Protein chains: 2
Amino acid sequence: MPLFKAPLDDLRFVLHDVLKVSEQDIPGYSDLDEELTSAILDEAGKLANDVFAPLNQVGDREGCKLENGIVITPTGFKEAYQKFCENGWSALDLPEEYGGQNIPTVVTLATNELFVSANQALCMYTGLTHGAWMAIHSHASEELKETYLHKMTTGEWSGTMNLTEPHCGTDLGLMRTKAVPSNDGSYKLSGSKIFISSGDHELAENIIHLVLAKIQGAPEGIKGVSLFIVPKYLVNKDGTLGARNGVSVGSLEHKMGIHGNATCVLNYDDAEGYLVGEPNKGMQAMFTMMNEARIGTGMQGYCIAASAYANAVEYAKDRLQGRDVKSVNNTEGPADPIIVHPDIRRTLMDQKSYIEGARLFSLWLATLVDKSERAKDEQAADMLALLTPVIKAFVTDKGYEAATNAQQVLGGHGYIEEWGMSQFVRDVRISQIYEGANGVQALDLVGRKLGAKGGKPVMAFGMMIKEFIDSISSDGSLSYSVGKPLLAALGDFQTGCTYLMQNGAQDPHAALSGSTDFLHLMGHLCFGYVLGMSAKASHEKLGESDMNEEFYCQKINTVQHYLHRQLPMTRMHLKRIQAGPDTVMSPSVESF
Amino acid sequence: MPLFKAPLDDLRFVLHDVLKVSEQDIPGYSDLDEELTSAILDEAGKLANDVFAPLNQVGDREGCKLENGIVITPTGFKEAYQKFCENGWSALDLPEEYGGQNIPTVVTLATNELFVSANQALCMYTGLTHGAWMAIHSHASEELKETYLHKMTTGEWSGTMNLTEPHCGTDLGLMRTKAVPSNDGSYKLSGSKIFISSGDHELAENIIHLVLAKIQGAPEGIKGVSLFIVPKYLVNKDGTLGARNGVSVGSLEHKMGIHGNATCVLNYDDAEGYLVGEPNKGMQAMFTMMNEARIGTGMQGYCIAASAYANAVEYAKDRLQGRDVKSVNNTEGPADPIIVHPDIRRTLMDQKSYIEGARLFSLWLATLVDKSERAKDEQAADMLALLTPVIKAFVTDKGYEAATNAQQVLGGHGYIEEWGMSQFVRDVRISQIYEGANGVQALDLVGRKLGAKGGKPVMAFGMMIKEFIDSISSDGSLSYSVGKPLLAALGDFQTGCTYLMQNGAQDPHAALSGSTDFLHLMGHLCFGYVLGMSAKASHEKLGESDMNEEFYCQKINTVQHYLHRQLPMTRMHLKRIQAGPDTVMSPSVESF
């Protein structure tokens, strides 16, 4: 069975040394001392290690089954889900008025890393509930909130999001699912939804589906889409469960990975539903859920890569093949462990620097979530909106690459299912696809987010990085080793922005032919920035007495590795952006 | 079922317009006019389309089964294998004295693309036979050749290669399989081999295992390894099959992909074997097989990517989502096909330019095989040896990337097994791992091939590209659009070589920390070179009357796409090489 390793020291480093959470002026953050966060993360690590991780391969092997209309999840999933909920993890960051513990997002997402690293498919049952909770909380009537949120907080009821139909995913304006008003203010929904993660199961007593549909007579296209709550079981006035609603599982998909999660075709047949928010404003309400889901999905990219990396390291320390080209290390053994070989170390450092960058980036973004929601900081909200497509697409593209490279370390053993590396690659692959395929994220970034609010957020982003570079300019060593490469990357970013602005207005194809490259350019710059913060923090710590010198030196080494070997990719992406649309747009459809 | 499309026009273009095979001064090439090659490729395309492709998903779904010690291959594989052999494809390039057709390698590998694109797992049963054939032919005694080669030519008997053991793959010096001499000149082999592709099956009447083992008392390490023929069934003096030999299937591996191929643990228990070549010179003999297998494996990278691409294109033409940002194309429909969107076109062009580059590179290398073997051209043999690790690793790394990107075009449908895109990704993944993992290829290139023969082959390689650039210098358009970017890439290559020479001698870790980047730098340069040849050939054709103008213009567009958007990666790889070994080698083992 693959190993699971909770990176508690790294999480502590990010929360306290780099982000200095307890010093930040955000409501709830002053409580976040190391004692509290360590207690939370320790407990999460134990549950992840003892309960979630051992079920990861079980879920992959067994998958979900549909028997007589009922979905059976893999052995042990129900008990693990119940333990997760009983121990309060489903309620960690939710408001106290609904039974939550009101812990800030930054700590909640740190615990989330542990659970997802241990078992992505299992986490999807709880993760979607959280997103549905937020959408209902933000947009639904008090009555609906009162009816649904308490039991969703405890995880007794779970949630889903229903967008995709067989003929439409990205373009939801083509949707066919219909909602017909009833006399009592409710609606009757009919239609078919596909790719519904956690769409049915017996882990929770009830499932609260959030469903996009068109009310009879609604405007054409995306402007006629509304959001509904459709519970699997109708809820009686007293809160008890009533009759089964008109929603059933048509089939389960056979997927490349995340076998432990039930991906359902859901058929709605005059199912009773309740409007969430205004009619025809469904996309706006669903975006509350989608934006949160995109951050969570982005994190999946590095969470799975982190598990794959830990296993690659273990193998590289253990497997004896060949000798160090410079000297024999393992004189007792017939050969040296492969971790002596430069190319193995190179790929491990590539993976490690990506994972550390992604963890920093994710938890830094989590502080923006908290700033935006707890401190109502509009600038933080704008920055978060700008960077949401970047975390979703960049972190998952690079996570797939890192997981693949970790698998490669094991050679043939990596290709055999027994070792679990194939599952990491197959599982993480979905994160590039769902919650808006990564190409759609690039379109969102270049087509929508860059120009939002007259470009203020993107200018603020550039300025923030410039200010960081300035802040280390007085430290000669940091300025040379971090400031200089970061400034070069920032220059590439600004040149890229200028290209998109100058050419995109006249010819949108010119901008969009470079959209994925621009997103990756920006992703590298974000990683350079947060890794720069990490180097700065490590430098500070190294000046203190009584600290773990080796730990902070290695942090700086990892930053250097990224800045020299990954960050220069900004130039390559810039060149591709500047290559323009000609070779992309000129070929006839038939010539492909 | 996924679509299969035989790219016959592209193969004709490469063979006749670019490589101009029938004009080349290589024995057997003067026969290769378009009539002959078209007849061969048409027939291969039909068999691939009608028989191989329909079994691809069948093989993935059913996999192989081990029942009572007997391996059962998927439904239809046996009939397809027999058809392949009966139609003479197994004997295409083999010498006439053993019943072959003596067709040059360049055409044989062109047919190979069609079969592999249609069904990689099935092709592995025939491909390994070919490699074993070559090793026996090059190194075994006349008696052994007489006994085994005729039936292997017809495919009545198949072949395997047995190197890996549970504790050793790359480092074969650690091998434990023992060979004890018998009185009659044969040996008794005992030991266990793993990851044996096509290790057992009922497709052929007999299986000729080529097995590495150590003769009792042989020197330690790799210098004590010998090569043996171990037939599944012993062969009587009259050529009929005798008793079952002492080799049995321990188990079948459960793999990420290529489920249709039986990957076996083979247990040898006093199995009768016959020495091939000299004692203790087994690696040398096996390298005949491995070098051929590495070219074949490299090709798998683009063959599978080509099938994935064809399906992505089909989907992109068919799937309606969103509108072209500039104008409505499909006024009748509710939305435009996604092939109008710049990012979809960008990724398709990335895939297409890689596939066309890989096809050119592979078939150009095939002419080096023919030059080396048929014309005994030593320089061609040296160049081939230099570029073998490049085709193996670069083409498969990029093939995996391209197949993944093709899968991405289908969004959620790409992740569902039904559409076949997941299988392409899972299947092609093995090509980066087997026949020497890609990191080992980089080690071979930098640690062995660069310095071979005092660096003559690598200097010849650089000179060849320089001569090509010079050859187009009088054509202003070609010189600007092709020569200039190629010269920049050549400069990066030379700077990289210089770095490795200057630093590698003092500190081998400095060279090897950049080995994978150097291999990729060189891969891009190779693709730039062959694509440059393709642009030059297309320019020439455009000057002729009565040609398909659209076809050649598109070829040039594809070259331009690669030169602008992929070739500049040479600079990034150079930067990574120049980043040196510090961040890679300095971390302690514990810090990973």
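# Reading contacts, helices and symmetry

Trainee: Which residues does A:Met464 touch, not counting residues up to four places away in sequence?

Mentor: A:Met464 touches A:Trp364, A:Met383 and A:Tyr529 once those neighbours are set aside, where contact means heavy atoms within 4.5 Å. This is a predicted model, in which local features need pLDDT of at least 70 and side-chain atom pairs count only at pLDDT 80 or more, while totals for chains, interfaces and linings use all residues. Residues are numbered from 1 along each chain as its sequence is written, chains are lettered from A and ligands numbered from 1 in the order in which they are written, and side-chain values use heavy atoms, with hydrogens and water left out.

Trainee: Where does A:Met464 lie, and is A:Met464 buried or exposed?

Mentor: A:Met464 is part of helix H14 (residues 456-471) of chain A; helices (H or I, at least four residues) and strands (E, at least two) are DSSP runs, numbered from the N terminus. The relative accessible area of A:Met464 is 16%, so A:Met464 is buried. The cut-offs are under 20% relative accessible area for buried, over 50% for exposed and partly exposed in between, with a 1.4 Å probe and protein chains only. A:Met464 and its contact A:Tyr529 are 65 residues apart along the chain, with 9.3 Å between their C-alpha atoms.

Trainee: What does A:Asn311 contact, leaving aside its neighbours within four places in sequence?

Mentor: A:Asn311 is in contact with A:Pro2, A:Leu3, A:Leu410, A:Met421 and A:Phe424. A:Asn311 sits in helix H8 (residues 282-318) of chain A and is buried at a relative accessible area of 9%. A:Val409 is 98 residues away from A:Asn311 in sequence and 9.4 Å away in space, C-alpha to C-alpha.

Trainee: How do I read the packing of H19 of chain A and H19 of chain B, and at what angle do they pack?

Mentor: Two packed helices are described by the angle between their axes and the distance between the axes. Here H19 (residues 569-578) of chain A and H19 (residues 569-578) of chain B pack at about 175°, with axes 9 Å apart. Axes are lines fitted to C-alpha atoms, for helices over the stretch in contact, and angles run from 0 to 180 degrees between N-to-C directions. H19(A) and H19(B) are therefore roughly antiparallel, on a scale where under 35 degrees is roughly parallel, over 145 roughly antiparallel, 65 to 115 roughly perpendicular and the rest oblique.

Trainee: Which residues meet in H19(A) and H19(B)?

Mentor: A:Met569, A:Arg571, A:Met572 and A:Lys575 meet B:Met569, B:Arg571, B:Met572 and B:Lys575. An α-helix has 3.6 residues a turn, so residues three or four places apart point the same way.

Trainee: What covers the buried residues of H19(B)?

Mentor: The cover includes helix H9 (342-374), helix H18 (549-565) and H19 of chain A, together with helix H15 (476-504) and helix H17 (515-542) of chain B. Because 7 of the 10 residues of H19(B) are buried, H19(B) is largely enclosed by the rest of the structure. The buried residues include B:Met572, B:Leu574 and B:Ile577. B:Gly580, with a positive phi near 75°, follows H19(B).

Trainee: What rotation superposes chain B on chain A?

Mentor: A rotation of 180° with 0.0 Å of shift along its axis does so, at an RMSD of 0.0 Å; the superposition is by least squares on the C-alpha atoms of residues with pLDDT of at least 70 in both copies. The two copies are thus related as by a two-fold rotation axis. In chain B, the C-alpha nearest the axis belongs to B:Met572, at 3.5 Å. The copies meet through the same surface, because 100% of the interface residues of chain B are also interface residues in chain A.

Trainee: What is phi of A:Lys453, and what is phi of B:Ile258?

Mentor: Most residues other than glycine have a negative phi. A:Lys453 has a positive phi near 50°, and B:Ile258 has a positive phi of about 35°. A:Lys453 lies in the loop between helix H13 (438-449) and H14 of chain A and is partly exposed at 45% relative accessibility. B:Ile258 lies in the loop between strand E10 (247-252) and strand E11 (263-276) of chain B and is buried, with a relative accessible area of 2%.
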